[in-house]
Amino acid sequence: MTKKDYVRMLDVALEEARLGLAEGGVPIGAALFDSAGVLLGRGRNRRVQDSDPAIHAETAAFRAAGRRKSYRDTIMVTTLAPCWYCSGLVRQFGIGTVVVGESDTFQGGVAWLRRNGVKVVNLQSAACRELLGSFIKAKPEVWNEDIGVE
């Protein structure tokens, strides 16, 4: 995979994040691809919309992809560094690569994933940073709830 491939994949996750924002939710999107770049599933953070604390973007994309014998050849693409919950999903199912739109806003489990053999590619996307940054300014209480900060 090239950086251009990863950027194309991130566009899918960004579309999901924008849909989430339009629905009144936290603008984080994700998509799961196979090693050839074929989209398997996509999703967005729906904690606010569904009043369900377990529906993060990565979990939604993972669920949308459906059952597979193995996830080792898959690529999880997310607009923001995955939180500990979603990092655990990556490790539990052996997802081999995580592409992160940005990790300045939130570090999540990126370092832990790397230490445990997951390839992490950080695209340092200004679009991802700006989308979430604007949301955090407008709704800091919802953001803090999303990351588990009181």
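Mentor: Welcome! One term first: buried means under 20% relative accessible area, exposed means over 50%, and partly exposed lies in between (1.4 Å probe, protein chains only). The model is predicted, so local features need pLDDT of at least 70 and side-chain atom pairs count only at pLDDT 80 or more, while totals for chains, interfaces and linings use all residues. Residues are numbered from 1 along each chain as its sequence is written, and side-chain values use heavy atoms, with hydrogens and water left out.

Trainee: Which residues of β1 are buried on one side, and which on the other?
Mentor: Helices (H or I, at least four residues) and strands (E, at least two) are DSSP runs, numbered from the N terminus. In a regular strand the side chains alternate between the two faces of the sheet. In β1, 5 of its 5 residues are buried. Both faces are covered, by Gly-29, Ala-31 and Phe-33 on one side and on the other by Ala-30 and Leu-32.

Trainee: In what order do the 5 strands form the open sheet?
Mentor: Two strands pair if DSSP finds at least two bridges between them. Strands of a sheet pair through backbone hydrogen bonds, either parallel or antiparallel. Here the pairing is mixed, and the order is β2-β1-β3-β4-β5.

Trainee: Which strands stand at the edges, and why is one side of each left without a neighbour?
Mentor: An edge strand in this sheet has a single partner strand, so one of its sides has no neighbour in the sheet. That is the case for β2 (39-44) and β5.

Trainee: By how many degrees are neighbouring strands of this sheet turned against each other on average?
Mentor: Axes are lines fitted to C-alpha atoms, for helices over the stretch in contact, and angles run from 0 to 180 degrees between N-to-C directions. With direction ignored, the average between neighbouring strands is 15 degrees.

Trainee: What angle does the direction of helix α1 make with that of β1?
Mentor: Contact means heavy atoms within 4.5 Å. Helix α1 (residues 3-22) packs on the sheet, touching β1 (29-33), β2, β3, β4 and β5, and its direction makes with that of β1 an angle of about 140 degrees.

Trainee: Which residue in β2 is the bridge partner of Gly-29?
Mentor: β1 and β2 pair in the antiparallel sense over 5 bridges. They form a hairpin with 5 residues between them, and Gly-37 in the turn has a positive phi of about 90 degrees. Gly-29 has as its bridge partner Arg-44.

Trainee: Which residue in β3 stands opposite Leu-32?
Mentor: β1 pairs with β3 too, antiparallel over 4 bridges. There, the residue opposite Leu-32 is Met-76.

Trainee: Which residue in β4 stands opposite Ile-75?
Mentor: Strands β3 (residues 75-78) and β4 (residues 97-100) pair in the parallel sense over 4 bridges. Opposite Ile-75 is Thr-97.

Trainee: How far from Cys-83 is the nearest cysteine sulfur?
Mentor: A disulfide is a pair of cysteine sulfur atoms within 2.5 Å, and the count comes to 0. Cys-83 is in no disulfide, and the nearest cysteine sulfur, that of Cys-86, lies at 3.8 Å.

Trainee: Is Cys-83 buried or exposed?
Mentor: Its relative accessibility is 16%. Cys-83 therefore counts as buried.

Trainee: What is the phi of Ser-51?
Mentor: Most residues other than glycine have a negative phi. Ser-51 lies in the loop between α2 (47-50) and α3 (57-65), and at 64% relative accessibility it counts as exposed. Its phi is positive, near 50 degrees.
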